[in-house]
Amino acid sequence: MKFNFFKKEKEELHIYAPVNGQIVPIEEVPDPVFSQKMMGEGVAILPSNGNIYAPASGTVIQVAPTKHAVGIRANDGSEILIHVGLETVALKGEGFNVAVKDGDKVSAGQLLIEVDWEYIKKNAKSTITPIVITNSMEGKKQYTVTEEKEGLQGKTIVITSSDK
């Protein structure tokens with residue numbers, strides 16, 4: 001039996017569902033910016049209920065002034081954007097209550113945004129919530145999207161990141 005103490009284990013990052021709901025392939029999001037992966041690799045969730053929670057531990061790198069999106073740099077360097085609903089920028093922050101600010105360190109499962117889903121349903125194009133790795137095109141890591149159809153916040157792994 002040989003031991004190789006110098007062989008580095010592949011680092012894996014698990015990105016969890018930030019909200020409960022149906023998991024939808026990013027290609028099926030009714031917005032070409034997401035479906036054509038212009039923002040990066042990802043997945044989407046059609047929320048059933050609940051607020052938005054951190055899908056991984058890291059640092060908040062962006063909170064949209066209109067409160068509809070949060071960006072987190074995970075501890076492995078992956079930059080995760082959670083975009084709540086489609087065309088929600090037009091709501092000018094209505095229906096959202098953000099619990100974090102730029103520079104905050106967050107733990108997986110920590111509250112990011114409280115969402116009034118009824119308001120979003122009535123006033124936005126869709127509640128579908130893309131979770132996108134905005135720096136996935138850099139090619140340093142490989143991202144694998146789940147085959148699961150239902151996401152449970154903090155329990156279902158929706159994307160796995162590993163070193164190439």
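This is a predicted model: local features need pLDDT of at least 70, side-chain atom pairs count only at pLDDT 80 or more; totals for chains, interfaces and linings use all residues.
**Exercise 1. Trace the strand partners of S3.**

Take S2 (residues 20–25) to begin with. It pairs with S3 in the antiparallel sense over six bridges, and Asn20 stands opposite Asn49 in S3.

Now go to S11. S3 pairs with S11 too, again antiparallel, over five bridges. Here the landmark is Val43, opposite Ile131 in S11.

**Exercise 2. Describe the largest nonpolar core: how many residues does it have, and which have the most contacts inside it?**

A bit of background before you look: in soluble globular proteins, nonpolar side chains tend to be buried together.

The count comes to 32 residues, and Ile52 and Leu112 have the most contacts inside the core. As for where the residues come from, the elements giving two or more are S1, S3 (41–49), S6 (69–74), S7 (79–83), S10 (111–115), helix H2 (117–123), S11 (129–133) and S14.

Then zoom in on Leu112. Skipping its neighbours within four places in sequence, its contacts include Ile52, Val70, Ile72, Ile82, Val98 and Val106.

A second, separate one has eight residues, among them Ile26, Val29, Phe34 and Ala44.

**Exercise 3. Is Thr156 buried or exposed, and what does its side chain reach?**

First locate Thr156: it sits in the loop between S13 (150–151) and S14. Its relative accessible area is 10%. The cut-off for buried is under 20%, so Thr156 counts as buried.

Its side chain reaches the backbone nitrogen of Leu152 at 2.8 Å. Leaving aside neighbours within four places in sequence, Thr156 also touches residues including Ile15, Tyr16, Ile23 and Glu148.

**Exercise 4. Look at the backbone of Lys37 and Lys67: what is the phi of each?**

Lys37 has a positive phi of about 60° although it isn't a glycine. You'll find Lys37 in the loop between helix H1 (32–35) and S3, partly exposed at 24% relative accessible area.

Lys67 isn't a glycine either, yet its phi is positive, about 65°. Its loop lies between S5 (58–63) and S6, and at 35% relative accessibility Lys67 is partly exposed.

**Exercise 5. How many salt bridges does the structure hold, and which residues are joined into one network?**

Side chains of opposite charge can pair when their charged atoms come close. The total here is eight.

Check some of the pairs:

- Arg73 bridges to Glu79, with the closest N and O atoms 3.1 Å apart; Arg73 is partly exposed at 37%.
- Lys121 meets Glu118 at 3.4 Å, N to O; both lie in helix H2, three residues apart, about one turn of the helix.
- Lys140 meets Glu138 at 3.3 Å, N to O; Lys140 is exposed at 61%.

Finally, follow shared partners: salt bridges link Glu27, Lys37 and Glu41 into one network.

Methods. Residues are numbered from 1 along each chain as its sequence is written. Side-chain values use heavy atoms; hydrogens and water are left out. A nonpolar core is a set of buried Ala, Val, Leu, Ile, Met, Phe, Trp, Tyr and Cys residues joined through side-chain atoms within 4.5 Å. Buried means under 20% relative accessible area, exposed over 50%, partly exposed in between (1.4 Å probe, protein chains only). Helices (H or I, at least four residues) and strands (E, at least two) are DSSP runs, numbered from the N terminus. Contact means heavy atoms within 4.5 Å. Two strands pair if DSSP finds at least two bridges between them. A polar contact is a pair of N or O atoms within 3.5 Å; within protein, one must be able to donate a hydrogen and the other to accept it, and residues adjacent in sequence count only if both atoms are side-chain atoms. A salt bridge is a side-chain nitrogen of Lys or Arg within 4 Å of a carboxyl oxygen of Asp or Glu.
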